[in-house]
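Visitor: I have a model open and want to learn how to read it. Where should I start?

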Amino acid sequence: MGTKGRRFAADIAGPAAISIGMIVLWEVIVRALHIRSIILPPPSEIIMAMVDRRDLLLTHLWPSLYLTVLGFALSVVGGVAVAILITYSAALRKGFYPIIIVSQVIPKISIAPLFIVWFGTGTMSSLLLAFLIAFFPMTINSALGFQSIDEDIARMARTFMASDWQVFWKIRMPNALPYIFSGMKISITLAIIGVIVSEFVASQEGIGYLIKLAGGLLDTPLMMAAITVLSIAGLILYGLIAHFERRVVYWQSSSDISGSGGG
Amino acid sequence: MAPVSQTKEMPAAVRALPALSVRKVRKLYNELEAIKNVSLEVAQNEFVSLLGPSGCGKSTLLTMIAGLLKQTEGEISINGTPVTGPRPEIGMVFQQPVLLPWRTILDNVLFPVELLKLPRDKYVPRAMELLAMAKIDDFAGSLPRQLSGGMRQRASICRALVHDPAILLMDEPFSALDALTRDEMGVELLRIWQANRKTVVFVTHSIREAAFLSDRVVVMGRRPATIVEEMTIDLPRPRQISLTEDENFNRYVRALRKAIEASHGH
């Protein structure tokens, strides 16, 4: 535990020191060169904007956050479901895989205006875009997890007369969990992008809308405050998933990854 | 006393039905003949090793006995019933431990119990007993990655025995371990076997291992695999590692080596 704590501190200390150093440097340069706040506000002014206009920021944060989480949740449910389908049906696998691969190449952001045409400027467009972008990595990762069963494990299960149902619940599902979580970590980031872009294009609320609005008003401190709030929200969402991952995928400890798992 | 190679029936086979009977089995992979006319009988509670060079088809034979692969010709039966697929009276140990990384050692050992829908509560004491016998009961609640390779393989032996199968099939179970652990595991296996008498079919390419463990060693030649020699190992039990320094033991080892070398001749 003590060693773990010390290692954690060492992991945190480096990046933290560099980040703080960069922020201080930023503050110093902006002040020394008298850069106008409209071009690049100093960090202190961004923090001030965050404090002063917290009500405005939060008002716009909630709808974005809500749509992000909802779109993400739908992509997880949909992605895992489709992954199971293509794992068990060769026909669906053949039908879906080319579409999934091709859709990886299409910049899905470009569909945003089309969604506005179809679903209007409301929340539906944002939600669907978030879902669509987050869905594909979710599906691909989960499908990989369900399908990449160790051949020896499959043989062992057959020797002990495992039914297909048992193989699914007792082997495929736990085997897929680490893959599902890496899919979730990609998808949550993409869901945020989906919502923000959709709000850029057409919306009357949300952080994306606020960023665009502040840009139009040349209120750069507000704009950067909004970006900062959005980044913090994104980090928290990612952190929550990483936290659950450590809980759920307990057999793959971080010490495995760093290769120092003793004992 | 010189080792005698024999092809006669085992006396035990007369008393009871053979635990395992392989009759004129042949296996073709496409056009390739992997196994050619193999017949073998294993008596109840007999420890038989299938000894042969790597890739000679001995593992294929074991896979067919386990019901995971269908023979092209011939018949395999366990306690008189033909094998048509995997059966609950078989326990299998593989080259690798093949433990599920998300399950504790105890839950891994209980895995066959779960799959066969046997009452888990009733089998927990047995599982713990087996783990104690394998000297890894302290690790019942640990995850596989916290155990050494030898300990993991011991857990997989416990798993193969937990549902009290009639036949234990072992497919080169110690070949992935280092030499020292390997010798130790042989002694451990015999100790567990002594307390849990079962019919064992043990596949290996180690002559010493086969001679040390077995009641009888069946030597298989290169592809297409056939039985080239059967040798009863008439050494006292329980066997300790000191047996490997015994002159009688080494005479068996030499005789087995000669049989394998002779099979390379043709």
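**Reading the interface and chain A**

Guide: Start where the chains meet. This is a predicted model. Here 14 residues of chain A are in contact with 19 residues of chain B.

Visitor: Which elements give two or more residues to the side of chain B that touches chain A?

Guide: Two elements of chain B do: strand S6 (90–93) and helix H4 (111–115). H4(B) gives the largest share, 3 residues.

Visitor: Now chain A. How many helices and strands does chain A have?

Guide: Count the elements before tracing them. Chain A has 11 helices and 0 strands. Read from the N terminus, its elements run α-α-α-α-α-α-α-α-α-α-α.

Visitor: Into which domains is chain A divided?

Guide: Look at the bounds, then the spacing. Domain 1 of chain A covers 1–35, and domain 2 covers 41–252. Their C-alpha centres are 29 Å apart.

Visitor: What does the C-alpha trace of chain A span along its principal axes?

Guide: The spans are about 75 × 55 × 30 Å.

Visitor: What percentage of the residues in chain A is buried?

Guide: A residue is buried if 20 or more other C-beta atoms lie within 10 Å of its own. In chain A, which has 263 residues, 32% are buried.

Visitor: And how do I read contacts along the sequence?

Guide: Look at sequence separation. Take the contacts in chain A between residues at least 6 apart in sequence: 76% of them join residues at least 24 apart.

Terms used. Residues are numbered from 1 along each chain as its sequence is written. Chains are lettered from A and ligands numbered from 1 in the order in which they are written. This is a predicted model: local features need pLDDT of at least 70, side-chain atom pairs count only at pLDDT 80 or more; totals for chains, interfaces and linings use all residues. Domain bounds come from an automatic or database domain assignment. Helices (H or I, at least four residues) and strands (E, at least two) are DSSP runs, numbered from the N terminus. A residue is buried if 20 or more other C-beta atoms lie within 10 Å of its own, exposed if 12 or fewer, and partly exposed in between; C-beta atoms are placed from the backbone. Two residues are in contact if their C-beta atoms, placed from the backbone, lie within 7 Å.
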